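Opening the notebook on this one. I want to look up a loop residue, some aromatic rings and a helix crossing.

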Amino acid sequence: MEDAVAVVLRQWQQLFPGLDLAPVALVGRLGRCAALLQQAADAPLAGAGISRPEYEVLAALRRVGGELTPGRLARETFASGAAVTKRVRQLEERGLVVRRADGRDRRVAHLSLTVRGRELVDRLLPAQVGHEGALLEGLPEERRRQLAEGLGELLVLLEGRLGGIPG
C-alpha cells in the first residue's frame, strides 16, 4: 500500500526525471502527517467545546504554573501576540482565565487559570494523551522513540535557521 505522497513523487519523477525529490518526500510526508494528526487529535478537545489553540493557552498556563504575561504566553504557545490576545479574551469570557493588572505598571497584564480552567486542563490532558497514543497504535514503541528523536533533531535545526517564531 502506498501513501499519498508516494503518488505525488511518482508524478513529479515522470515530469522531472533527474530532480532529487528527497526533500519533497520528507517535507510532504511531515505536512500530511501533521494535517491528519491535527484533525484527528482534536476530537477530545472539540468534545469539550475547546479549540486546539485555546487548549494550548490553557495547557501553557497549567504547565508553567503561576502567572504569565501575554508576551510570555505567546512564546510558550508559538503564537502571535494578536492571536494570544484573542484567545485569552475568549477564555476570560468563559471563566477559564483571569487577567490581573501589574501593581507597578498597569499596562502589563498577568494571566492565570481560574479553578474551572485548571479543572478543565486536568480533565482533558489524560484524555488527550490517551487519544493521541491510540492514533499511534500499530507503530512499535521503539520506532516511535526513533521518530520522536529524529523529529527533535529536525526541530532544533529548523528553529536555529528560522528562529522558531511564528510569522
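Predicted model: local features only at pLDDT ≥ 70, side-chain atom pairs only at ≥ 80, totals over all residues.

Entry one, the rings. I looked up Phe-16 and got a relative accessible area of 43%, so Phe-16 goes down as partly exposed. Trp-12 comes out at 40%, which makes Trp-12 partly exposed too. How many aromatic pairs does the ring rule give? The count comes to 1. Trp-12 and Phe-16 form an aromatic pair with 6.0 Å centre to centre and 40° between the planes, and I log the pair as tilted.

Entry two, the loop. I went to Asp-42, which sits in the loop between α2 (22-41) and α3 (43-47). Buried or exposed? Asp-42 has 19% relative accessibility, so I put Asp-42 down as buried. Its side chain makes a polar contact of 3.3 Å with the side chain of Gln-38.

I checked how α5 (residues 70-77) meets α6 (residues 81-93): their axes come within 9 Å and cross at roughly 105°. α5 and α6 are therefore roughly perpendicular to each other. Which residues make the contact? On α5 I wrote down Pro-70, Leu-73, Ala-74 and Thr-77, and on α6 Gly-81, Val-84 and Val-88. Sorting the residues of this α5 and α6 contact by type, I get 5 nonpolar, 2 polar and no charged.

Methods
Residues numbered from 1 in each chain as written. Heavy atoms only, no water. Helix = DSSP H or I, 4+ residues; strand = E, 2+ residues; numbered from the N terminus. Buried < 20%, exposed > 50% of the residue type's maximum accessible area, 1.4 Å probe, protein only. Polar contact = N/O pair within 3.5 Å; in protein donor to acceptor, adjacent residues only side chain to side chain. Phe/Tyr/Trp six-rings, centres within 6.5 Å; stacked < 30°, edge-to-face > 60°. Axes fitted to C-alpha atoms, helices over the stretch in contact; angles between N-to-C directions. Parallel < 35°, antiparallel > 145°, perpendicular 65-115°, else oblique. Contact = heavy atoms within 4.5 Å. Nonpolar A, V, L, I, M, F, W, Y, C, P; charged D, E, K, R; others polar.
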